[in-house]
Amino acid sequence: MQKRIVSGMRPTGKLHLGHYLGVIDNWVKLQNDFDCYFFVADWHALTTKYDKTENLRQDILDVTMDWLACGVDPEKSTIYVQSQIPEISELHLYLSMITPQNWVERDPTLKDMAKILKSKEGMASQINYGLMGYPVLMTADILMFNADFVPVGIDQVAHVELTRDIARRFNNVYNCNFFNEPQPKLNNCSLICGLDGNKMGKSFNNDIKISDTAEITAKKVMSAITDRSRMRKDDPGHPDECEVAFKYWKIFGNENEIETIRCECEKGLRGCADCKRQLGAKINERMAEIREKRKYYEEKPEVVQNILKDGAEKARKEAKNILKEIRSLIKMY
Ligand code: TRP
Ligand code: SF4
């Protein structure tokens, strides 16, 4: 039997190249060797955006379309929306009973979130009960399918540690050996930086979306930071100090191209504008098929809806079986 993987993403809307290269491409590879469960964590979105739900449905669709376009395959993996599996919320309730308060209070991500929220004005600046429970909800996502591995970014590893602690505690409290202690599988999240050299992120306005057109991509790439010390195009450049453009070349170019560019840049034979024009074309070449596929789904949202419906059905069947055993272990009526 294949080992099982569970991973989720919050519905943040259209995803960018950081998601593609760091997370989704990784999922696409994993689906050949593991029994994968990939879901859109819409309940998690509510923990901070409970009052901004106007775009939630569209955001869920956008995330799903990006996954499908990048090659997450409903024939191989189970793809669903978290809130379509109500069993997760019941499991969350049981797990909340056995989780000591200080285990969630020491969660580092939660502490960061609290700081960010506190810096904002108004209602949203308080930490709600649901947000406190975020890591326990994440634990329920994972244990609902008794995962062996959880692909996550480095910032989420503490959550998976908590999941292991809670799994162990459940086994102790109910005197069983029911839950695996799932292991984190690190994503390659620092692979691509934003156009300004900082972490690529939607809210930093420095991203290239998976769904951006070739024209928009080309334009965005022209704004990428290069070697700041370079004044004229025939000055010798320093590829290793070219903060963004050369780094992108190292991701999207082949070995020959990278070497040629390094050489030409160092000799002052290559202007940054030309270099970035070529880079834009290179990125577009790599993304062309994905974008075409995404267009197909955009034009056929009912296909996407059906994939999510089938995925939820499949996931729910498994969740029901597992929940039955959990209920019996807890000796619920
Ligand atoms: N908390 C994760 C994030 O913000 C998303 C997530 C929710 C998740 N539940 C999960 C990831 C379960 C892996 C497994 O990125
Ligand atoms: Fe960077 Fe290319 Fe300009 Fe060299 S020529 S500094 S690699 S953008």
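Visitor: Which residues in the largest nonpolar core touch the most other members?

Guide: The general idea is that, in soluble globular proteins, nonpolar side chains tend to be buried together. A nonpolar core here is a set of buried Ala, Val, Leu, Ile, Met, Phe, Trp, Tyr and Cys residues joined through side-chain atoms within 4.5 Å, where buried means under 20% relative accessible area, exposed means over 50%, and partly exposed lies in between, with a 1.4 Å probe and protein chains only. In this structure the largest core has 55 residues, and Leu-17, Ile-24, Trp-67 and Tyr-248 touch the most other members. Helix H3 (residues 56–70) supplies the largest share of this core, with 9 residues, and at least three residues come from each of domain 1 (4–192 + 300–330) and domain 2 (212–293).

Visitor: What should I keep in mind about the model and its numbering?

Guide: This is a predicted model, in which local features need pLDDT of at least 70 and side-chain atom pairs count only at pLDDT 80 or more, while totals for chains, interfaces and linings use all residues. Residues are numbered from 1 along each chain as its sequence is written, chains are lettered from A and ligands numbered from 1 in the order in which they are written, and side-chain values use heavy atoms, with hydrogens and water left out.

Visitor: Which residues is Ile-24 in contact with, leaving aside its neighbours within four places in sequence?

Guide: Contact means heavy atoms within 4.5 Å. By that criterion Ile-24 is in contact with Met-9, Leu-15, His-19, Trp-67, Cys-70, Val-72 and Ile-210, its neighbours within four places being left aside. A second, separate core of 40 residues includes Ile-142, Leu-143, Ala-147 and Ile-330.

Visitor: How do I read the domains, and what separates their centres?

Guide: Domain bounds come from an automatic or database domain assignment, and here that assignment gives domain 1 and domain 2. Taken over C-alpha atoms, the two centres are 36 Å apart, and 10 residues of domain 1 are in contact with 8 residues of domain 2.

Visitor: What radius of gyration has the protein chain?

Guide: The radius of gyration is taken over C-alpha atoms, and the globule rule is 2.2 Å times the number of residues to the power 0.38. A compact globule of 333 residues would be near 20 Å, and the 22 Å of the protein chain agrees with that. Along the principal axes, its C-alpha atoms fill a box of roughly 80 × 40 × 35 Å.

Visitor: How many helices and strands are there in the protein chain?

Guide: Helices (H or I, at least four residues) and strands (E, at least two) are DSSP runs, numbered from the N terminus, and the protein chain has 14 helices and 5 strands. Two strands pair if DSSP finds at least two bridges between them. Strand S4 (residues 149–152) and strand S5 (residues 183–186) run parallel and are joined by 4 bridges; Val-150 has Pro-184 as its bridge partner in S5, and Val-152 has Leu-186.

Visitor: Which handedness has the unit made by S4, helix H9 (residues 157–173) and S5?

Guide: A crossover is right-handed if, with the strands pointing away from the viewer, the path from the first strand over the helix to the second runs clockwise. S4, H9 and S5 make a right-handed β-α-β unit.

Visitor: Which residues lie on the two faces of S4?

Guide: In a regular strand the side chains alternate between the two faces of the sheet. For S4, Phe-149 and Pro-151 on one side and Val-150 and Val-152 on the other are all buried, and both faces are covered.

Visitor: What is the phi of Asn-146?

Guide: Most residues other than glycine have a negative phi, and most peptide bonds are trans. The phi of Asn-146 is near 45°, a positive value in a residue other than glycine. Asn-146 sits in the loop between helix H8 (134–143) and S4, and it is buried at 15% relative accessible area. Lys-331 also has a positive phi, near 65°, but Lys-331 is exposed, with a relative accessible area of 70%, and belongs to the segment after helix H14 (301–330).
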